Amino acid sequence: MKISIEYFALLKEQRGCSSETIETVAKSPALLYSELKSRYSFSLNPDSLKVAVNEDFADWDSTLSDGDTVVFIPPVAGG
Amino acid sequence: MRFQISEEPVQPDLLKGEILNDVSGAFASFEGWVRNHNDGKPVNGLEYSAYVPLAEKEGQRIINEAFNHFDIESAVCVHRVGELRIGDIAVFVGATAAHRSSAFEACRYIIDETKARVPIWKRERYLDGPAEWVNCPTNTPR
């Protein structure tokens with residue numbers, strides 16, 4: 001299925017772009033990140049990230065659907 | 001009663017004017033300013049970025065929580081994104097209430113929760129080293 005991904009901060013720097021749409025069989029954000037982490041050598045581990053699906057926080061083991069937008073959220077530093 | 005990510009300079013007086021009202025005897029605010037050091041390293045400037053749709057959604061939830069937990073009349077938080085220099089305001093939080101303890105507590109709550117939960121990132125530029133994403137060490141073990 002097609003998943004759109006947006007990258008921010010360190011992930012954007014390490015991926016080299018701010019967004020992409022990929023074809024994947026990964027059923028959950030956890031499996032998707034695992035796939036991307038090994039493909040692009042991301043240095044952040046999942047336990048230091050949060051994940052958002054379709055513009056809201058989601059569980060790592062939630063089920064992805066075709067057309068979803070996923071954002072992996074590096075440690076935040078606002079304020 | 002709003003939370004906004006803004007690319008424009010933060011204007012505390014305008015935001016204060018938005019939430020002042022005749023029933024509130026108390027106004028409390030917090031301003032976060034860009035300072036010239038972090039962790040003992042001299043800072044040359046910084047860049048904030050945000051996942052705006054979720055940042056504003058989560059920020060609005062925080063404002064709503066403050067409204068529900070504390071006896072306040074109104075509150076506003078605006079966080080700037082983009083390139084900022086030393087002496088720029090990064091974030092403004094304001095709260096109005098009939099009495100001061102609610103205003104102080106709500107203001108504190110909003111900035112504390114914003115720092116913990118809202119998807120905003122900070123990239124600091126140092127005078128004597130490469131720029132870094134705050135809270136994101138790049139040399140984590142694989």
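Predicted model: local features only at pLDDT ≥ 70, side-chain atom pairs only at ≥ 80, totals over all residues.
Trainee: What makes S41(A) count as exposed?

Mentor: A residue is called exposed if 12 or fewer other C-beta atoms lie within 10 Å of its own, and S41(A) has 10 C-beta neighbours inside that distance, so it counts as exposed. Its place is in the loop between α2 and β3 of chain A.

Trainee: What is said about the phi of S41(A)?

Mentor: The phi of S41(A) is positive, at about 55 degrees, although this residue is not a glycine.

Trainee: Where is D39(B) found, and how do you know whether D39(B) is exposed or buried?

Mentor: D39(B) is found in the loop between β3 (37–38) and β4 (41–50) of chain B. The limit for an exposed residue is 12 or fewer neighbours, and D39(B) has 9 C-beta neighbours inside 10 Å, therefore it counts as exposed.

Trainee: How do you know that the span of α3(B) agrees with what a helix of 18 residues should have?

Mentor: The expected span is 1.5 Å times one less than the number of residues, which for the 18 residues of α3(B) comes to 26 Å, and because the C-alpha atoms at its ends are 26 Å apart, the two values agree.

Trainee: Which residues of α3(B) are buried, and what covers them?

Mentor: To be buried, a residue needs 20 or more other C-beta atoms within 10 Å, and in α3(B) the residues that reach this are S102(B), A103(B), A106(B), C107(B), Y109(B), I110(B), I111(B) and T114(B). Their cover includes β2 (26–33), α2, β5 and β7 of chain B.

Trainee: What is A106(B) in contact with, leaving aside its neighbours within four places in sequence?

Mentor: A contact requires C-beta atoms within 7 Å, and beyond its sequence neighbours A106(B) is in contact with A66(B), F70(B), I72(B), A75(B), A95(B) and A97(B). A106(B) is also one of the residues with the most contacts inside the largest nonpolar core, which has 56 residues; A66(B), C77(B), A95(B) and I110(B) are the others named there. In general, nonpolar side chains tend to be buried together in soluble globular proteins.

Trainee: Why is strand β5 (residues 72–80) of chain B called mostly covered?

Mentor: The count is nine buried residues out of nine in β5(B). For chain B as a whole, 36% of the 142 residues count as buried.

Trainee: How do you know that β5(B) pairs with β1 (residues 2–6) of chain B and with β7 (residues 89–97) of chain B?

Mentor: Two strands pair if there are at least two bridges between them. Five bridges link β1(B) and β5(B), which pair in the parallel sense, and R2(B) stands opposite V76(B) in β5(B). Seven bridges join β5(B) to β7(B), and these two strands run antiparallel; there, S74(B) has T96(B) in β7(B) as its bridge partner.

Trainee: What makes β8(B) and β9(B) a hairpin?

Mentor: With at least two bridges needed for a pair, β8(B) and β9 (residues 129–133) of chain B have three and pair in the antiparallel sense. Two residues lie between the strands of this hairpin, and the bridge partner of E124(B) is E132(B) in β9(B).

Trainee: Which strands of the five-stranded sheet of chain A are edge strands?

Mentor: The sheet is open, with mixed pairing and the order β2-β1-β5-β3-β4. In chain A, β2 (19–23) and β4 (56–58) each pair on one side only, and these are the edge strands. Helix α2 (residues 29–40) of chain A packs on the sheet, where it touches β1 (2–6), β3, β4 and β5 (69–73) of chain A.

Trainee: How many residues does each chain give to the contact between the chains?

Mentor: Chain B gives 23 residues and chain A gives 18 residues. On the side of chain B, the elements that give two or more residues are α2 (52–69), α3 (100–117) and β8 (120–126), and by class that side has twelve nonpolar, seven polar and four charged residues.

Methods: Residues numbered from 1 in each chain as written. Chains lettered and ligands numbered in written order. Contact = placed C-beta atoms within 7 Å. Helix = DSSP H or I, 4+ residues; strand = E, 2+ residues; numbered from the N terminus. Nonpolar A, V, L, I, M, F, W, Y, C, P; charged D, E, K, R; others polar. Core = buried A, V, L, I, M, F, W, Y, C linked by C-beta atoms within 7 Å. Axes fitted to C-alpha atoms, helices over the stretch in contact; angles between N-to-C directions.
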